[in-house]
Amino acid sequence: MSEHKCNCENPLVPGIVEVIDIKDETPDVKSFFVRSIGGGVPFDVMPGQLGMVSLLPVGEGMYSVSWQEEQEYLHFAIKRVGLMTNELHRIEVGHQLGVRGPYGNGFPVEECKGKDMLFIAGGIGLAPLRSFIKYCFKHRQDYGKIQIIYGSRSYADLCFKDELFEKWPQEKDTEVYTTIDNPEEGWDGHVGFVPAYLEEINPAATGKIAVVCGPPVMIKFVLQSLEKMGYTDEQVISTLEMRMKCGIGKCGRCNVGSEYICLDGPVFTLAQLKQLPPEW
Amino acid sequence: MTDITLKIREIATRLLQNGQVDIFMGWEKGQEEYTTRPFFARRVEDVDKLIFNEYSIHNLSNDLLKYRDGQEKIGIVVKGCDSRGIVRLLQDGQIKRERLYIIGVACPGMKDPLQAVKDNSGFFPAATSTELAKKCGDCIEPNPVIYDELIGDKQTPRVGEERFKQVKDIENMSDDQRYQFFEDVFSRCIRCYACRQVCVACNCRTCIFDEMKPQWVGRETSISDNFMYHLVRASHMAGRCIECGECERVCPVNIPLMLINQKLIKDVNKFFGPYEAGMVYIEGAKPPLSSYQENDPDNFL
Amino acid sequence: MQILSKSKIKDALNQLSQNAELFIPLARGEESGFYPWNSYQEGSDRLMLDALNVLLPPKSVVFPQTERMYSFTGNGTAVEIKETFESPQPRIIFGLRGCDAAAIACFDDVFLTMGFVDSFYQARRDNTTIVAHACYQPGDNCFCEAMGINPTEPVNADVIIRDAGDAYIWESKTDKGEKLSAALGSLLENKEAKAPGLQPFKQKANYEGVAEKLKDMFEDPMWEELASTCQTCGICTYVCPSCYCFDIQVKSWGDEGYRFRCYDSCMYSEYTLMAGGHNPRSHEQERFRNRFLHKLQFFSERYGKPLCTGCGRCIVACPVGINIVQIINQVKEADTSVRA
């Protein structure tokens, strides 16, 4: 369980941060870079952990921290889907938000050292994986071969394009595979869904950890494919999402069986997931 | 009432056996004599559990909403008010008539199992069960208004001489007295939304009170939010409430919900009437507030 | 042994109310619940101390239906958290039964342990003194014993009172309890009195091994049948002394507002509805199953005890007669070897 490190004593009360930059990733995804007033970050995170972002008069939402850049900023990549995110997408640089955290268990970055990493993401699912991917690149010598398979509805819907197409393929011993659902003019890359593309590429299972995130239906298909390809339950990790309100494992709603996604998750191995009811 | 029970079992057996229905909605016995509760038989072996007694008060038409998106054929036992609930659903386009096989029972008046359970619970100082459930004392139509088969002798309405007496008493209060009355009543509300859940007329897929964009009424149990909840819901019921009284019966803090609904029934009758919701199913017919007539009253404009 | 004569109960309540808000079981009009003693109206309210229990549970004292959390001002570029509304005023819950005391123990586990401490709950709970009322005569719907609770020894109590006929035996258990004893002063007498014996339970619930058994019964067809008449009305979650699911919402106007939390119910359709539209428990049957699994299995996996304390309120209040004891017994008797 993580220590509550937000700059306030009450875990349900946020600290105030300033938005120092906003970037359009796709037509409905924006990256928000936030920093504590006066500098620094409101809390330190490990890859895969979550923060509750609050647009104070409107509402709160739980998002994975896509990256923490030292003490400079926290990066949230947020998709516009509902009430709060609609309003959030209208704010400008300089606006202030509430943020509390860090929540969740994060990725097992230590246990994965020495392994080859296979990251499989769909749509906005790349946002939580990105924190782990960048962590691997930051500590490149601690991890083996890195393969990233990422797909989205269309070219416009691919997130983090500059990293996807320019930075990451340049990294040592790294392969990046991108796919979009339907053919498009100007796209001569792969066309097809992520689970099928995964089976096509057929990355070998030995010595590998597969990390999966995306829409629930995509995760379910990818897990099936990985099983077919010989990955054991211990080799596969996923990060789940449920509706969250308190973020601290008290309000009851984000449970999958007896586990709370905000507290015991969001990261689970397939072995752990199989012990839980398939209700996510 | 054992002969009604036997008749229901006979019909249920026939319908389930020849596949005319997939689900048969009726009642079964609970642990105590008064804890009769809804029961859905799906197999012929279940039919022996079906009973009909003076505690068969639940409005089963509300359960049809669970199956509105499915294809199942449903047999359902309804009393007078319940059958009006079926007309409500048909008029609201919530379920197709062809899927239903309706067994109407002319209702002799029911007792309230919830009241009996509360009396025996040890949670209240005195027993308050009356001979007849409160809602049955206001009954204007105990005979089913829509059915495929009818059981039981024709019953007479139980509503007294003055149908809207309690409503008129409140109308005769001053504005301040009236406000105080309702403030006392609504301050009890714990916003459990049970009244909405058991109401057959409340069949919106996304209820206005669950809507977040925008949020029309907040979730706090402040007096203003409580007032808004009840008054908005009542307005949505105007011209549509079929007076089954389930809302008031299930309320855990005994809010006199039918008082408000009856006020609106009285007003709709006066301004747009005569009109009683759910009395007869005419395809395409709409409740008075869902359609516009040139001669609708507008002296409030 | 100290006793409090029943003839002096109102004086005692008045005395204790001087330095704390005291909540007592009352019947008020057609309601019954825990209400502040200083709102008692002679003539119209009835003291329910000697009744079995009351319909609305005392959880609202430490965990109210609506609780403001913090207020804020500002828009856009200058946002400020103004005030955090923790509520540490002294409170006393007087006369709650073992089932309700055990439910508050469950709340303590939820809100005060496992990673984070809920400061709002802690502020209330730390300053709440519990005077529990030992129970010797189970009601028609009671089954606390089956859920591991001893009604004659309420847990978590600062004082236990026992009905000895014309007086209550007053048994202080903690420092907080001692403070109440001191406040009562001469209203407490030193005298011997005898508590009654525990009468048998009428409800025969058998919970032994049920939590374990439920682990393999997630896909069991019994859930569909059990849930078919459930109206998902949520009354069970409101009258339950141990249900604690809550929602967090905001009320704002112009540049000001406050965030609050309020009761929510796992039975409601939008309970797990995500902004993008995905809802893992969109069917009544799924929510029904989740509620009972939470009560009877998930909570004990997490905290070592069931979330149901056997008070029987849900059995009384359910409009369609769904009975948790029947469900427990049905699971106990289920032959899971056949239904693989």
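How many residues does the contact take from chain B and from chain C? In this predicted model, the contact takes 37 residues from chain B and 38 residues from chain C.

On the side of chain B that touches chain C, strand 2 (37–41), helix 3 (113–121) and helix 6 (194–198) of chain B each supply at least two residues. The most is given by helix 3 of chain B, with six residues. By residue class, this side of chain B divides into 17 nonpolar, twelve polar and eight charged residues.

## The contact between chains A and C

Chain C also touches chain A, in a contact that takes 39 residues from chain A and 40 residues from chain C. The side of chain A that touches chain C consists of 18 nonpolar, 14 polar and seven charged residues.

## The barrel of chain A

Six strands of chain A close into a barrel in the order 1-2-5-4-3-6, with antiparallel pairing. From one strand to the next, the twist averages 45 degrees. In general, strands of a sheet pair through backbone hydrogen bonds, either parallel or antiparallel.

Strand 1 (residues 15–26) of chain A is joined to strand 6 of chain A by four bridges, and the two run antiparallel; here A:Ile16 has A:Gly98 as its bridge partner in strand 6 of chain A. Four bridges also join strand 3 (residues 50–55) of chain A to strand 6 of chain A, again in an antiparallel arrangement, and A:Leu50 is partnered with A:Tyr103 of strand 6 of chain A.

A:Ser31 has its bridge partner, A:Ala77, in strand 5 of chain A. Helix 2 (residues 126–138) of chain A lies across strand 4 (59–69) and strand 5 of chain A, and runs at about 20 degrees to strand 4 of chain A.

## The two domains of chain A

The domain assignment of chain A gives domain 1 as residues 15–102 and domain 2 as residues 116–239. The C-alpha centres of domain 1 and domain 2 of chain A lie 24 Å apart. Their contact takes twelve residues from domain 1 of chain A and 14 residues from domain 2 of chain A.

On the side of domain 1 of chain A that touches domain 2 of chain A, the elements giving two or more residues are strand 1, strand 4 and strand 5 of chain A. Strand 4 of chain A gives the most to this side, with four residues. The residues on this side of domain 1 of chain A divide into six nonpolar, four polar and two charged.

## A buried cysteine in chain B

B:Cys251 lies in the loop between helix 8 (246–250) and helix 9 (257–272) of chain B. The residue counts as buried because 22 other C-beta atoms lie within 10 Å, where the cut-off is 20 or more. Leaving aside residues up to four places away in sequence, B:Cys251 touches B:Ala194, B:Cys195 and B:Leu257. The C-alpha atoms of B:Cys251 and B:Val117 are separated by 14 Å, and these two residues are 134 residues apart along the chain.

## The overall form of chain C

The secondary structure of chain C comes to eleven helices and 13 strands. For its 340 residues, a compact globule would have a radius of gyration near 20 Å, and the 22 Å of chain C agrees with this. Along the principal axes, the C-alpha atoms of chain C fill a box of roughly 65 × 60 × 40 Å. Of the 340 residues of chain C, 50% count as buried. Among contacts in chain C with a separation of 6 or more, 71% are accounted for by residues 24 or more positions apart.

## An open sheet in chain C

Four strands of chain C form an open sheet in the order 6-5-13-12, with antiparallel pairing. Strand 6 (80–84) and strand 12 (246–253) of chain C stand at the edges with a single partner strand each, so one side of each is left without a neighbour in the sheet. Neighbouring strands of this sheet are turned by 25 degrees against each other on average, direction ignored.

Strand 5 (residues 66–73) of chain C runs antiparallel to strand 6 of chain C, and four bridges join the two. C:Tyr70 stands opposite C:Thr84 in strand 6 of chain C.

Note on methods: Residues are numbered from 1 along each chain as its sequence is written. Chains are lettered from A and ligands numbered from 1 in the order in which they are written. This is a predicted model: local features need pLDDT of at least 70, side-chain atom pairs count only at pLDDT 80 or more; totals for chains, interfaces and linings use all residues. Two strands pair if DSSP finds at least two bridges between them. Axes are lines fitted to C-alpha atoms, for helices over the stretch in contact, and angles run from 0 to 180 degrees between N-to-C directions. Two residues are in contact if their C-beta atoms, placed from the backbone, lie within 7 Å. The radius of gyration is taken over C-alpha atoms; the globule rule is 2.2 Å times the number of residues to the power 0.38. A residue is buried if 20 or more other C-beta atoms lie within 10 Å of its own, exposed if 12 or fewer, and partly exposed in between; C-beta atoms are placed from the backbone. Ala, Val, Leu, Ile, Met, Phe, Trp, Tyr, Cys and Pro count as nonpolar, Asp, Glu, Lys and Arg as charged, and the others, Gly among them, as polar. Domain bounds come from an automatic or database domain assignment.
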